[in-house]
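Take a look at the fold below.

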Amino acid sequence: MYKLNVYQKGNVIKEATIQEGESILDAFQNQGIYISAACGGTGKCGKCGVKILKGDIPVQEADRRFFSEEEIKEGMRLSCLAKAIGDLEVEIVTDTEEEFEIIAEGGQAGVEGDMGIAIDIGTTTIAVSLVRMSDYQVVDTVATVNHQRSFGGDVISRIQAANEGDLENLSKAVRKDLYESIVKVCEKHACPVKELKLITIAGNTTMGHLLMGFSCETLGVSPFTPVDISAIETDAVEMFGAFGMTEPVSIKLVPGITTYVGADIVAGMLETGFDQKQEVSVLIDLGTNGEMGIGNKDKIMVTSTAAGPAFEGGNISCGVGGIPGAISGVTIDGEQVSVTTIGDAKPLGICGTGVVETVYELVKEELVDEAGGLEEDYFDDGFKLADDKDGNPITFTQKDVREIQLAKSAIRAGMETLIKRYGVGFDEISKVYLAGGFGYKMDVAKAVGIGMFPEELLPKIEAIGNSSLKGAIDYMDEKDNQARAQKIVDLSEEISLATDKTFNDLYMEYMYFE
């Protein structure tokens, strides 16, 4: 066992230990030190870099892919591949992603009477609302990065991590995030945590399993059976007692439908009134899994499609989450490239909306052909969008184009297959709701322009922000809405796309940029 002293911004943040042969990333995870590792610690994303201040860590081939010779001489290494052979002092120098731009409902309500908390556990971010229960009005919302990102940026990598012995660490990480956010929003408004009446939680099935500490062994293998996706009830001492919670406030989890169509989609359909309308609507969550539903008060069908993390900046060479400095808008006019960033900060990478806009602009300028090939001049080094604060180029590469091709094709093919199986035409659909922060900020016309959605549906598309959080607020209504959520679950029929010929044919067709 060796010493591991961890620095950030010049200060020691943790005096820890590390076993011989253990990676720095594993040591961080085991001792509650956060660093992003979107690929799950496989050396593929380059996001978990640390600077070795003292100690010997050999250079790996993957280090040379992500760091310049000068950076390597200065001690930069990927923490997931850096294995201890002695005492170490390391500094976390990569962006901690703590400033994700979260689309969350503000609030004007005052603190009076019974108060509750509604939570959306997203794969990337967590949003927590303080709610006045007399009229279910939001007082305020706080948000945080989901620190499970240290174990991987998507649900598959987290399922794998859980099955390889990190279930307890994953569960502890998200419970800590929730409790700290609850305390933060309550203290901000002088609302004692122990006096809360109810906490409601929505999230995808994997997030629910990790929160509850359920085994994930059956989530990642066919037939993808969840342990429990019913309307679970527990209390705050059971969930947060390890962090100091002493009052058994009631906690209710929104039920899910299947392993890959979870409580977040049920909450979204509750919020948008699927179960109350005669007209047919579509709901799409543009996340890693591309969960979606179609239906009305009589019939609902749901499915999910593996879109990958490109919409959240994952698997993109200069990709980042929705944090200040992330390139979110792009315009290319001949030689001129203009970018906008979140918070108007100095560019530091490209987030999901920037990825969509970049591809649209490259296709428009005929720098990417219909098959997705980047023009030869940019094939090796990528197309430069901007320089970061250190003067390093932020580029969009051939591999990045392929990532968005896969993602947009999966969404389009999944949606159209679902619509066909439901038995309606585009003209019979009243609304297409786009859920989540990515959909909320996205230029829908540009998304249609790269073929993510059919042009016929453009006038019907409505971005609704965090419908999972809004649905969790709705779920506080024990008298009506908890029964409505269960009705949505009972009505829903899942369509599997894995062996669906229509989906596979459309998937290949929509890979192209027309």
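The model is predicted: local features need pLDDT of at least 70, side-chain atom pairs count only at pLDDT 80 or more, and totals for chains, interfaces and linings use all residues. Residues are numbered from 1 along each chain as its sequence is written, and side-chain values use heavy atoms, with hydrogens and water left out.

Start with the sheet. It is open, has three strands and mixed pairing, and runs in the order β16-β15-β17. Strands (E, at least two residues) and helices (H or I, at least four) are DSSP runs numbered from the N terminus; two strands pair if DSSP finds at least two bridges between them. β16 (336-341) and β17 (349-350) are the edge strands, each with a single partner, so one side of each has no neighbour in the sheet. β15 (residues 326-333) pairs with β16 in the antiparallel sense, over six bridges. Within that pairing, Gly329 has Thr340 of β16 as its bridge partner.

Now turn to helix α15 (residues 501-509). Its buried residues (under 20% relative accessible area, 1.4 Å probe, protein chains only) are Phe503, Leu506 and Tyr507. Seen down the helix axis, they fall within an arc of 105°, so they line one face of α15; the arc is taken from the directions from the axis to the C-beta atoms. Lys501 and Met508 are exposed (over 50%) and sit on the face of α15 turned away from the buried side. The cover over the buried residues includes α10 (398-422). At the N-terminal end of α15, Asp500 is the cap: a side-chain oxygen lies 2.9 Å from the backbone nitrogen of Thr502.

Conventions. Contact means heavy atoms within 4.5 Å. A polar contact is a pair of N or O atoms within 3.5 Å; within protein, one must be able to donate a hydrogen and the other to accept it, and residues adjacent in sequence count only if both atoms are side-chain atoms.
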